[in-house]
Amino acid sequence: MIEKILRKVEDTLHLAGCLGLVGVAVLINADILLRLIANRPVQIQFELTELYLMPALATLSLSRVFRDGGHLALDIGPETLPGIFGLVVEKARLLLPAAFFACVTYMSAKFAWGAFAHNEIEYGVIDWPLGWAYAVAPLGCGVLVLRLIHDVFRSSEPDLTR
């Protein structure tokens with residue numbers, strides 16, 4: 001049941017990250033075309049892309065891409081090692097990144113919370129509340145931590161439903 005819920009959350013966040021990428025492409029191309037044709041830029045393009053869409057597309061898909069094995073990796077040893085040593089190495093390969101991303105989640109959540117608490121604003125054509133811009137990083141990294149910890153405790157049988 002945990003796997004099903006985690007997959008649904010990962011898929012939803014991945015979809016949001018992908019929509020962020022589409023948004024970036026649409027806004028940048030609209031800005032370029034309007035500058036060429038009408039000599040008028042899309043006024044909100046830079047702030048919206050920089051503050052909201054880029055962090056979303058960079059962090060919201062982390063867990064889903066990890067689940068699918070889509071990240072680049074540097075293999076420095078054999079994929080599986082025999083015996084208890086192999087099991088320890090396998091678990092450490094998941095727990096160490098989980099610890100790192102737990103720290104990133106904590107610090108970015110603290111930063112986002114501070115932005116919400118102090119009502120931080122990026123002033124521009126529109127006043128952009130920064131708390132929402134910062135909230136995507138702890139969300140994406142936090143779900144990755146859950147995926148890594150889940151993978152530590154799940155059975156070693158291969159998942160054929162990917």
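**A word on confidence**

Keep in mind that this is a predicted model. Colour the chain by pLDDT: the average is 89, and 90% of the residues score at least 70. Confidence is lowest in helix α4 (residues 83-117), with a mean of 92, and highest in helix α1 (residues 2-37), at 96.

**Another positive phi**

Now jump to N119, in the loop between α4 and β1 (121-122). This residue, also other than glycine, has a positive phi near 50°. N119 counts as exposed, because its relative accessibility of 55% is over the 50% cut-off.

**Helix α5 against α1**

Next, select α1 together with helix α5 (residues 130-153) and hide the rest. Two numbers do the describing for any packed pair: the angle between the axes and the distance between them. Here the axes of α1 and α5 come within 11 Å and cross at roughly 150°. That angle is over 145 degrees, so α1 is roughly antiparallel to α5. The crossing of α1 and α5 is left-handed.

From α1 come I2, E3, L6, R7, V9, E10 and L13, and they meet L139, V143, L146, R147 and H150 of α5. By type, the contact of α1 with α5 has seven nonpolar residues, one polar and four charged.

**Helix α5 against α2**

How far apart are the axes of α2 and α5? They are 9 Å apart, and the packing angle is about 5°. Since that is under 35 degrees, α2 runs roughly parallel to α5.

Select L51, Y52, P55, A56 and T59 on the α2 side, then L130, W132, A133, V136, A137 and G140 on the α5 side, and you have the contact. Sorted by type, the α2 contact with α5 comes out as nine nonpolar, two polar and no charged residues.

**Helix α5 against α4**

One more partner for α5: bring in α4. These two helices pack with their axes 8 Å apart, at an angle of about 160°. That makes α4 and α5 roughly antiparallel to each other, and their crossing is left-handed. The residues of the contact of α4 with α5 split into 24 nonpolar, four polar and two charged.

**Inside: C141**

Stay on α5 and zoom in on C141, which sits in that helix. Is C141 buried or exposed? Its relative accessibility is 5%, so C141 counts as buried. Setting aside residues up to four places away in sequence, C141 touches L62, F101, V104 and T105.

**Inside: T49**

Move to T49, found in helix α2. Which residues does T49 contact, leaving aside its neighbours within four places in sequence? Select V24, L27, M54 and P55 to see them. T49 is buried, with a relative accessible area of 6%.

**Last stop: G86**

Finish on G86 in helix α4. G86 is buried, at a relative accessible area of 7%. Now draw a C-alpha to C-alpha distance from G86 to L51: the two are 35 residues apart in sequence and 43 Å apart in space.

Definitions and conventions
Residues are numbered from 1 along each chain as its sequence is written. This is a predicted model: local features need pLDDT of at least 70, side-chain atom pairs count only at pLDDT 80 or more; totals for chains, interfaces and linings use all residues. Side-chain values use heavy atoms; hydrogens and water are left out. pLDDT is the predictor's confidence in each residue, from 0 to 100. Helices (H or I, at least four residues) and strands (E, at least two) are DSSP runs, numbered from the N terminus. Axes are lines fitted to C-alpha atoms, for helices over the stretch in contact, and angles run from 0 to 180 degrees between N-to-C directions. Angles under 35 degrees count as roughly parallel, over 145 as roughly antiparallel, 65 to 115 as roughly perpendicular and the rest as oblique. A crossing is left-handed if the near helix is turned anticlockwise from the far one by less than a right angle, and right-handed if clockwise. Contact means heavy atoms within 4.5 Å. Ala, Val, Leu, Ile, Met, Phe, Trp, Tyr, Cys and Pro count as nonpolar, Asp, Glu, Lys and Arg as charged, and the others, Gly among them, as polar. Buried means under 20% relative accessible area, exposed over 50%, partly exposed in between (1.4 Å probe, protein chains only).
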